[in-house]
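Morning, everyone. Please look at the structure on the screen while I go through a few of its parts.

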Amino acid sequence: MQLAMNAKALSVQDPSSLKHMDQNDSCSTPRKEMQNGALTKKLQDDLEMLGRKIKQHEENIKFLKTQKNQVDDSILDMQVSLGKYHSASGPLNDNDSLSHSQSEEEVIEQILRHDKSAAGILCLLKTRHIIQASNLTLTKDVLGIVATLGKVHDENLSRLMSEYIGLENMLAIVCKTYEGVKCLETYDTEGSVNKSAGIHGLGASIGRHLDGRHIVICLDYLRPYVGEFVADDPQRRLELFKPRLPNGECPPGFLGFAVNMINVDSTNLYCVTTSGFGLRETLFYNLFSRLQVYRTRTEMLAALPSISDGALSLDGGIIRTTGIFSLGSREDVGVRFPVSSGMLNLPLNYFETENQIKEMNWRKQTLQEDMKREQALLSHAKFNFEIKKQEFVKFLAESSSLASPHQFQGGRERLTPR
């Protein structure tokens, strides 16, 4: 009997106690939801703040990289203007440079050795038959031989550039207009070369018979470079776009463009053609185009994706054009560009440019230090972002698991018939 009464009492107490618990839960649930909402917003705000920091550091690094690339370009341009490029074995000292440099007279002697070439006949005429040459109509429009129309600062570069364009082009005759080209060779009624006129007749008159073909370049018919020139450069070097790697930086070892490493006589920098163009943007641009020059073969090959019009390396590597490589040992073509002789041919602003290069190198080091600092800050911000993101994801997961029982209980009450 006692057991029955206790059971009855228990059955009376259960509904009231459950009702009281439901009321407590219903009061605490909105409070928890408010707390969770506030924490959710705080975590979201923290993530947004870290995201803004990451974006700011990335923009700072991008800006610094752009500045560094501009400084690199300026240094390259100034080094080219001073002839500051050397082989992998290091620069020659002044004595070595002077003792091995090739003079214009030596170039003429090299051309004269090709005694049965058109270039050899013209050089012989101008050096040993001066009076006769001055009265000839066919030579009045001739500007010269390719090998005599430019100089370089470095003997090694002279050999490489001469090998690249080849003996036939080094011995090419350069005329200003097509009228000059027509004077060099005439034809009979059957279209055969008239051996008694033009350059053929001239050769015969001095005991040199011209054999085979020879190249004549007409400046007026060349397609000139039509871009900008390097600002304030007395040599009017071409403002060509530097090659870039996918990361936006200039390839390591890139020294410049071959067309800008030729020194042109001041009289041939302006108004050589009837359209007012100079030799660099006509003759040498057509011979070298955008041929790139690198310090070593290894650096040149590493930059292959950035090479479009061929490349040279100072240790002997040659890429003719995209996909065409010149392998094997170096070839001495026998006729090379003359080399500027040491201190005698320094640009007027040489020492001023040297100081500018030093300042630019200091600026470059400063930018590199700033980039390292920004990179460290970026890495730290990304690390904090990942930690905060994990914290946020964990909080959302926990909030979801806690909310599920209440949603289930509410759903059960709604489904219970009254």
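Phe-257 is buried, with a relative accessible area of 5%; buried means under 20%, exposed over 50%, and partly exposed in between, using a 1.4 Å probe and protein chains only. Phe-254 is buried as well, also at 5%.

A word on the source: this is a predicted model, in which local features need pLDDT of at least 70, side-chain atom pairs count only at pLDDT 80 or more, and totals for chains, interfaces and linings use all residues. Residues are numbered from 1 along each chain as its sequence is written, and side-chain values use heavy atoms, with hydrogens and water left out.

Now the rings. A pair of aromatic rings is described by the distance of the centres and the angle of the planes. Rings of Phe, Tyr and Trp (its six-membered ring) pair if their centres lie within 6.5 Å; planes under 30 degrees apart count as stacked, over 60 as edge-to-face, and the rest as tilted. That rule gives 7 aromatic pairs here. In one of them, Tyr-225 and Phe-229 have ring centres 6.0 Å apart and planes at 85 degrees, so this pair is edge-to-face. Phe-254 and Phe-257 also make an edge-to-face pair, with 5.4 Å from centre to centre and 75 degrees between the planes.

Back to Tyr-225, which is buried at 7% relative accessible area, while Phe-229 is partly exposed at 24%. Ring pairs join these two and Tyr-285 into a cluster. What sits over the ring of Phe-229? The charged end of Arg-236 does, 4.0 Å from the ring centre; the rule asks for NZ of Lys or CZ of Arg within 6 Å of the centre and within 35 degrees of the ring normal.

Next, the sheet. Helices (H or I, at least four residues) and strands (E, at least two) are DSSP runs, numbered from the N terminus, and two strands pair if DSSP finds at least two bridges between them. Five strands form an open sheet in the order S4-S5-S6-S7-S8, with mixed pairing. S4 (254–257) and S8 (324–326) are at the edges with a single partner strand each, so one side of each has no neighbour in the sheet. S4 runs antiparallel to S5 (residues 292–294), and 3 bridges join them. Phe-257 has Gln-292 as its bridge partner in S5.

Last, helix H8 (residues 198–205): 6 of its 8 residues are buried, so the helix is largely enclosed by the rest of the structure. Among the buried ones are His-200 and Leu-202. Just after H8, Gly-207 has a positive phi of about 80 degrees.
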